[in-house]
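Hi everyone, thanks for coming along. Let me put the sequence and the structure up on the screen, and then we can walk through a few places together.

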Amino acid sequence: MKISIFGLGYVGCVSVGCLAKNGHEVIGVDVSEFKVELINSGKATIQEKDIDRIIAEGYAKGSISATTCAEEAVHNTDLSIICVGTPPSAHGHLNLSYIFKTAEQIGKAIKTKDEFHTVVIRSTVMPGTNIRYGEIVEQFSGKKRGHHFSVVSNPEFLREGSAVYDYYHPAITVVGGDSTVAIEKVASLYRCLDAPIEITDIKAAEIIKYINNSFHALKIAFANEVGNICKALKIDPFKVMDLFCKDTRLNISPAYLKPGFVYGGSCLPKDLKGLVTLGHDNYLDTPVLSMINSSNEQHRKKAVDMITETGKKNICMVGLSFKEGTDDLRFSPFVDLAETLIGKGCRLTIYDEYVCLSRLIGANKSYINERLPHLSEHLSNDLENAITENDVVVISHRNFDAKNYHHLLKEKTAIIDLVRIRDLEELPNYEGICW
């Protein structure tokens, strides 16, 4: 394929070299004549392992060149990859002026081009950039997105110092777009790599790099706070974190990495508080660990606000126990939610097929007697009636069989989902807590 690369900085230079090595004909585009001259001399524009050799080899084969003329590059290629910088402001916003400048250039170029052109945004951008980019191209070209051109989001995950290795060994390749033809064209660039190609929507592709890097930052801060606590207690933090990483079922895994309601139970709150206390007792500030509970409480408040903002007092809650399929009410976040709603004057009806007051014993019975002493007044064993007699339905458990109750739920003021029941999402009165 004939490809133009806009921006000959870190990502652009690596892309020029690696795509040429994979058999493509590549034209680099940059406003810097110095960078263009380097590429046209067979030299890399950056210092990075292996890239000098790769650029030299590509140049020698005649598959690499560069220009300052965007129109020339676009007219002589099928696809343009945007790798220009998007520097951050002091407040965290991105300067997208370089990105949108390339949109103007490409728009002007395809105005006089007959063939369909695919644009690929590789730079790190905020969600919504892709759509705005297409609007600018339409403005300057007089042509229509989807008919004469398409804009695809394809974020890069290259690390300085190992960028060439990362290019050829990605964990995943993400491609987001709204044109099947353009998506397939971009995906074909990576089919030679031993990694899955995930096709997704545009905004998901735009935001994923922020999510990845924020999680990496969180992991580093978490590990450092653990290290500080371990050091104060004369424990080897490397041994501790090695043990931590050996659990690939829960710790290093997709477990818990799903949006939903707050954490609860007897273990997570207790052990988190214990670790924070260990740090405090050793005069250590642990802001990441300390703010976890605050974030959890903020999320709990959000659920309460969503329910009360409906303006209705008759509430049906489907699920009360800590987890579906059990009658364990101890430290259940849904018990806390029910207690708060009752305290706000809501007339609460609770359905949980596994909770039976006559069978509660021991600590479980003591806990609910303390938190919801009049639970018997709120429990119902008839889910259909509970839904019918209330205005708002709150879904707390995943085992709720939504399809059997669609005819009743669609008449309610609101359906508030804390666990994501996909069968409910088609209802016009549906709202997920964070989706």
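Before we go on, a word on what you are looking at. This is a predicted model, in which local features need pLDDT of at least 70 and side-chain atom pairs count only at pLDDT 80 or more, while totals for chains, interfaces and linings use all residues. Residues are numbered from 1 along each chain as its sequence is written, and side-chain values use heavy atoms, with hydrogens and water left out.

Back to G142. You will find G142 in the loop between helix 6 and strand 6. By helices I mean DSSP runs of H or I with at least four residues, and by strands runs of E with at least two, numbered from the N terminus. G142 is exposed, with a relative accessible area of 67%. For these words, buried is under 20% relative accessible area, exposed is over 50%, and partly exposed is in between, using a 1.4 Å probe and protein chains only. G107 is 35 residues away from G142 along the chain, and their C-alpha atoms are separated by 8.0 Å.

Now step back into helix 6 itself. Helix 6 covers residues 129-141, which is 13 residues, and spans 18 Å from first C-alpha to last, close to the 18 Å expected at 1.5 Å a residue. That expected span is 1.5 Å times one less than the number of residues. Which residues of helix 6 are buried? They are T129, N130, Y133, G134, I136, V137 and S141. Looking down the axis of helix 6, these buried residues fall within an arc of 160 degrees, so they line one face of the helix. The arc is taken from the directions from the helix axis to the C-beta atoms. There is a handy general rule here: an α-helix has 3.6 residues a turn, so residues three or four places apart point the same way. The buried residues of helix 6 pack against strand 4 (79-82), helix 5, strand 5 (117-121), strand 6 (149-153) and helix 9 (202-232). Contact here means heavy atoms within 4.5 Å.

Helix 5 was in that list, and helix 5 deserves a visit too. The 14 residues of helix 5 should span 20 Å at 1.5 Å a residue, and the end C-alpha atoms are 20 Å apart, which agrees. Buried in helix 5 are I99, T102, A103, I106, G107, A109 and I110. These cover an arc of only 160 degrees around the axis, which puts them on the same side of helix 5. Their packing partners are strand 1 (2-6), helix 4 (70-75), strand 4, strand 5, helix 6 and strand 6.

Helix 5 also takes us to an open space, the second largest pocket, where helix 5 gives the most to the lining, with four residues. How big is the volume of the second largest pocket? It is about 510 Å³. Of the 27 residues that line this pocket, G7, G9, C83, V84 and G85 are the closest to its centre. Helix 1 (10-21) and helix 5 (97-110) are the elements that give two or more residues to the lining.

A quick note on terms: on a 1 Å grid over the protein atoms alone, a cavity is a set of points where a 1.4 Å probe fits but cannot get out, a pocket is an open set with protein on both sides within 12 Å along at least five of seven lines, and lining residues have an atom within 4 Å of a point. Grid points are joined across faces, edges and corners, and a volume is the space filled by probe spheres set on the points.

What about closed spaces? A search of the whole structure finds one cavity of 30 Å³ or more, and the largest cavity has a volume of about 50 Å³. Among the residues lining the largest cavity are I121, S153, P155 and K209. Helix 9 supplies the largest share of that lining, three residues.

Most residues other than glycine have a negative phi. Y283, however, has a phi near 60 degrees, sits in the loop between helix 11 (268-281) and helix 12 (287-308), and is exposed at 79% relative accessible area. F331 also has a positive phi, of about 60 degrees, although it is not a glycine. F331 lies in the loop between strand 9 (314-318) and helix 13 (333-343) and counts as partly exposed, at 44% relative accessibility.
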